[in-house]
Amino acid sequence: MPVGTQATVKGLSQRDLWDDLQARIILGNTYHLFLRPGHELIRQLGGLHRFMSWPGALLTDSGGYQVFSLSGLRKITDEGVTFQSHLNGDTHKFTPASTVDVQLAFGSDIMMVLDECPEYPVSREYARVSMDRTIRWAGEAFSHYRERMQSVPTRNALFPIIQGSMFPDLRRECTSRLLDLDADGYAIGGLSVGEPRPLSMEMVEASVPELPRDRPRYAMGVGMPDELPEYVARGIDMMDCVLPTRNARNGWLFTSEGRVVIKHAQYRDDPGPLDPACDCYTCRNYSRAYLRHLFQAGEILFASLATRHNLQRYLDIMGAIRQSILLGEFPRYLRDLQSRSTFRNGVTAKEPSGGIE
Ligand SMILES: [Zn+2]
């Protein structure tokens, strides 16, 4: 799912996303949209779909992650989290019920419960306290949600979030306790917080087996292109990440032949397409030399062309995975990929990938 933090996937129009890239679901961030322009204004203007003219599905997070990562001053209590806006310092409070109300005002198709996403590493003691709070908050969010849904004419899903830091037994416990909610889908949070990649996979492996097979499983804030099939192999259906879009704007491009850092001098006079195997608008029409020129000159068009390509690359990978599953060839697809990939070298991602877009 492409990330559209401020009700826009930076650098692209909704037509680019819907018609050209054929994205069918994108993400919005509750924290940002709550602070600006505000959920009441968005509700008055017909909800987020109409406000941003998006014909597809919308998933919004609860805002918790950004409160913990962006807001300077915050105080967590059993009722919720009080925080200061990073924009103007105003004080606000999110509770499990209030974040459901904010997301219902947006009209999100998939809403997320308020959770606490602990940083990495944390002590086992804190991980447990935090996990217990996340489970209690999920229960409160669901009570409020079920009450609200009786008077809301649309169907909006609410997903609880599995936490437990990097402790497999806490992850398992969290999963089994959240199953009581009988939710439409389940998310795994607290990944991409600076942990080594094999550890993220281990936490997914601890969480997934107990989840119902007929409900979507969503790994939040992952991953690199070669990690996507690894998550799918572990039973994940949905992922979101700022990497394809943020890296695009920084001139870091994902291709079928590996990454291209467009500012490198080797592309100065390179007449070839960015990725010969890619069918996106950028690769069909422009050379690496032109893209490098746009990047070096700081032109706006670069962000747009680069973002189109990187998102196409991610959506192509997911398309290929879906196709291979339908044909019964996913295990072979995965083996081929692993034999070519650097995935299992245990490298820690330099920056958390789930942050602000
Ligand atoms: Zn392309």
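Author: Begin with how helices are named: helices are DSSP runs of H or I, at least four residues long, numbered from the N terminus. Keep in mind that this is a predicted model. Just after α14, Gly328 has a positive phi of about 75 degrees.

Reader: How many residues does helix α14 have, and what distance does it reach from its first C-alpha to its last?

Author: Helix α14 covers residues 300-326, which is 27 residues. Its reach is 39 Å, close to the 39 Å expected at 1.5 Å a residue.

Reader: Which residues coordinate the zinc ion?

Author: The ion is held by Cys278 (SG), Cys280 (SG), Cys283 (SG) and His309 (ND1), at 2.1 to 2.3 Å. Along the chain, these donors follow the spacing C-x1-C-x2-C-x25-H. Cys280 and Cys283 are buried.

Reader: Why is the arrangement around the zinc ion called tetrahedral?

Author: Ideal angles for four tetrahedral donors are 109.5 degrees. Four donors count as tetrahedral if all angles lie between 85 and 135 degrees. Here the four donor atoms subtend angles of 98 to 120 degrees, so the arrangement is tetrahedral.

Reader: Which residues touch the most other members of the largest nonpolar core?

Author: They are Met112, Tyr218 and Met239, in a core of 64 residues. Helix α7 (residues 124-149) gives the most to this core, with eight residues. A second, separate core has 26 residues, including Leu48, Phe68, Val102 and Leu114.

Reader: What is Met112 in contact with, leaving aside its neighbours within four places in sequence?

Author: Among its contacts are Leu59, Phe159, Ile161, Tyr218 and Met220. Asp61 and Gln103 are also in contact with Met112.

Definitions and conventions
Residues numbered from 1 in each chain as written. Predicted model: local features only at pLDDT ≥ 70, side-chain atom pairs only at ≥ 80, totals over all residues. Heavy atoms only, no water. Donors = N, O, S within 2.8 Å, 3.2 Å for Na, K, Ca; no water. Tetrahedral: all angles 85-135°; square planar, octahedral: opposite > 155°, others 65-115°. Buried < 20%, exposed > 50% of the residue type's maximum accessible area, 1.4 Å probe, protein only. Core = buried A, V, L, I, M, F, W, Y, C linked by side-chain atoms within 4.5 Å. Helix = DSSP H or I, 4+ residues; strand = E, 2+ residues; numbered from the N terminus. Contact = heavy atoms within 4.5 Å. Expected span 1.5 Å × (residues − 1).
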